[in-house]
Amino acid sequence: GEGRATVIAEPARDPRQAYPEQDELDIADFEIPAEGMSAQQRKRALNRLETYLVGKHETMVGFQGNQDMARYQQDLARFMEFHLNNVGDPFQQGNYKPNTKIVERAVLDHYASLWRAAWPYDAENPDSYWGYVLTMGSTEGNLYALASARDYLSGKKLITEPGDGGDQMVYVQAVPASEEPGNANRPVAFYSEDTHYSVIKAVRTLAIDTFAAVGRAEYPGQCPLGMDWPMEVPSRGGPDGTGEIDVDALEQLVTFFAERGHPVLLLLNFGTTFKGAYDNIEKVAARLIPVFERTGLLEREIEFEPGRTDRRRGFWVHVDGALGAGFMPFLRIAAAEDRGSDLALQLRREIKGKIPEFDFGLVVDGVDVVSSLVMSGHKWPGAPWPCGVFMTKNKFRVEPPSQPAYTGSPDTTFAGSRNGLSPLVLWNDLASKSIREHAAEAVRALRTTRYLESSLRELEDRLDREDRLPDGGLYVDRSPMALTVRFRKPADHVIEKWSLSCQPIRTGSGRIRHYAHVFAMSSVTEEKVDAFIEDLFAEGAFDRPH
Ligand SMILES: COC(=O)[C@H](CCSC)/N=C/c1c(COP(=O)(O)O)cnc(C)c1O
């Protein structure tokens, strides 16, 4: 009755009608009744979920999530018995002992070697790597990278500097790099129109100014591209180009802000979400390092207390390698095999020219370009849940905002509690194959992608011969070295069966084309490609243009 405190809330309407249907699953099976469920009821519900997942698992080809991390269940199921938590810094044991930090450190060391960083971790070496295994995916890594960049560029105290910890240093720049000293502690972010939405979420969450926001607010009508300030750096060839950042446009935009003393926060893509494109990081560095040199951003004096100064960069390059950082090192290893080896031969069949650089080994004009890097574990490696790796160097690390005593470790990661199973699945995958076997797997994925592309083009010809080709064709396209092929979006039943990711793209003529894409991760075999193509050949696979 009224007045009596409600013990639990009653549903406002029938929960079985509240949510959209999910394929062949019934909401009623999963409702949690106040009296609980018997073991039999729970088992039946979970059996139905498993049946659904088995069906979808075999035909998931639409996202860059490799579906076959072999052996992880039989090797690692035993760890589901423990309550793992890698809370705190990976290199400090901390007080929560049921952790897998020793495995996390082995994974970090291995990726540091693949990404050509100085390892093992050494707190005394400014150039040593530091990193941690992410509890979310690259979204967490991008958030953490951009937060680190913002604090580094706006003069927060660095972790490598002596100081009484805790207190935040107030930023004052002793030698303003330009006549407007106020800009010196206001970093401006740049990223391309093909950037993942997690970056847009990160700049919003972290209140980081983008070049578009500052341009429109403080430099109206002065965009150096001779147009209104674009929201993002244009991609080469526009929205229906390859998906790489337009380096000429980037250089003009960065120069505009560097000349006005703004520190530069640059996010570059290495394996974009929809087109799998790689920004040309070497070319970006070759163009921008001279700009930073000329505008006093290569290295600058920071004074954050009378007489307390340090020298640090006025720019930060973060590489969003969610997909590419897991995959590209193995192509570089395949390319390093002696020319006569079958692996090097197979690679040359897939890639003409040099393997692009993206990691801590990239040095241009004597400058180690990359400040931070992120990789998703559930993409190339194929972890069964979102995870990943964030990596930077000691010299770029900022003092954490607090020093919690009770965890027995400095709070140096983005998450508090951290997943202790993720290091295990990454470790198991890395350790279960030799470097050469990983390299061969990467080359095979390129070959499967080429097979996918040629199969789609052949399908287009078959449909054309039978006069069943939709108007405008299948617009099959693949960016250089990409693991994905994009093509005309098929009918919904095909999208649902194959978990296809779709995106509208504005063509040069201003028309919108609806695309889908397939990623040929290791779990996508040529047999799977054939089955997919047959489904696209079937009647009704493409909506007839009305
Ligand atoms: C539409 O597809 C996506 O959003 C996928 C995640 C699903 S892959 C299994 N991409 C995530 C992604 C992310 C975010 O990574 P997650 O947080 O791990 O999803 C960051 N950067 C790039 C270039 C990305 O492609």
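Visitor: Is K354 buried or exposed?

Guide: K354 is exposed, as its relative accessible area is 55%. Buried means under 20% relative accessible area, exposed over 50%, and partly exposed in between, with a 1.4 Å probe and protein chains only. Please note that this is a predicted model, in which local features need pLDDT of at least 70 and side-chain atom pairs count only at pLDDT 80 or more, while totals for chains, interfaces and linings use all residues. Residues are numbered from 1 along each chain as its sequence is written, and side-chain values use heavy atoms, with hydrogens and water left out.

Visitor: Which residue does K354 form a salt bridge with?

Guide: The partner is E282, and the closest N and O atoms are 3.1 Å apart. A salt bridge here is a side-chain nitrogen of Lys or Arg within 4 Å of a carboxyl oxygen of Asp or Glu.

Visitor: Where do K354 and E282 lie?

Guide: K354 lies in the loop between α10 (342-350) and β8 (363-364), and E282 lies in helix α8 (residues 281-294), so the pair ties together parts that are 72 residues apart in sequence. Helices (H or I, at least four residues) and strands (E, at least two) are DSSP runs, numbered from the N terminus. E282 itself is partly exposed, at 24% relative accessibility.

Visitor: How many salt bridges does the structure hold?

Guide: The structure holds 35 salt bridges. One of them joins R457 and E453, with the closest N and O atoms 2.9 Å apart. R457 and E453 are 4 residues apart in helix α12 (residues 435-465), which means that about one helical turn separates them. R457 is partly exposed at 35% relative accessibility, whereas E453 is buried at 16%.

Visitor: What about R71 and D75: how do their side chains meet?

Guide: They meet in a salt bridge, at 2.7 Å from N to O. R71 counts as partly exposed, with 44% relative accessibility, and D75 is buried, with a relative accessible area of 16%.

Visitor: Let us change topic. How many cavities of 30 Å³ or more are there?

Guide: The count comes to 1 cavity of 30 Å³ or more. A cavity is a set of points, on a 1 Å grid over the protein atoms alone, where a 1.4 Å probe fits but cannot get out, and lining residues have an atom within 4 Å of a point. Grid points are joined across faces, edges and corners, and the volume is the space filled by probe spheres set on the points. The largest cavity holds about 50 Å³ of space.

Visitor: Which residues line the largest cavity?

Guide: The lining is made of L268, I281, V284, A285, L288, I289, F292, F315, V317 and V369. Helix α8 gives the most, with 6 residues.

Visitor: And what is the lining like by class?

Guide: It has 10 nonpolar, no polar and no charged residues. Ala, Val, Leu, Ile, Met, Phe, Trp, Tyr, Cys and Pro count as nonpolar, Asp, Glu, Lys and Arg as charged, and the others, Gly among them, as polar.

Visitor: Now to the surface. Which residues form a nonpolar patch there?

Guide: F30, L46, L49 and L53 form it, with about 330 Å² of accessible area together. Patches are made of residues with over 30% relative accessible area and no salt bridge; like charges are joined within 9 Å, and nonpolar side chains (Val, Leu, Ile, Met, Phe, Trp, Tyr) within 5 Å. Accessible areas come from the Shrake-Rupley method with a 1.4 Å probe, and for residues only the protein chains shown count as cover. L49 belongs to helix α1 (residues 39-58) and is partly exposed at 31% relative accessibility.

Visitor: What joins W119 and P120?

Guide: A cis peptide bond joins them, with omega about -5°. P120 is in the loop between α3 (101-114) and β1 (129-134). Most peptide bonds are trans, and most residues other than glycine have a negative phi.

Visitor: What is the phi of D365?

Guide: D365 has a positive phi of about 50°, although it is not a glycine. This residue sits in the loop between β8 and β9 (367-368), and D365 is exposed at 56% relative accessibility.

Methods
On a 1 Å grid over the protein atoms alone, a cavity is a set of points where a 1.4 Å probe fits but cannot get out, and a pocket is an open set with protein on both sides within 12 Å along at least five of seven lines; lining residues have an atom within 4 Å of a point.
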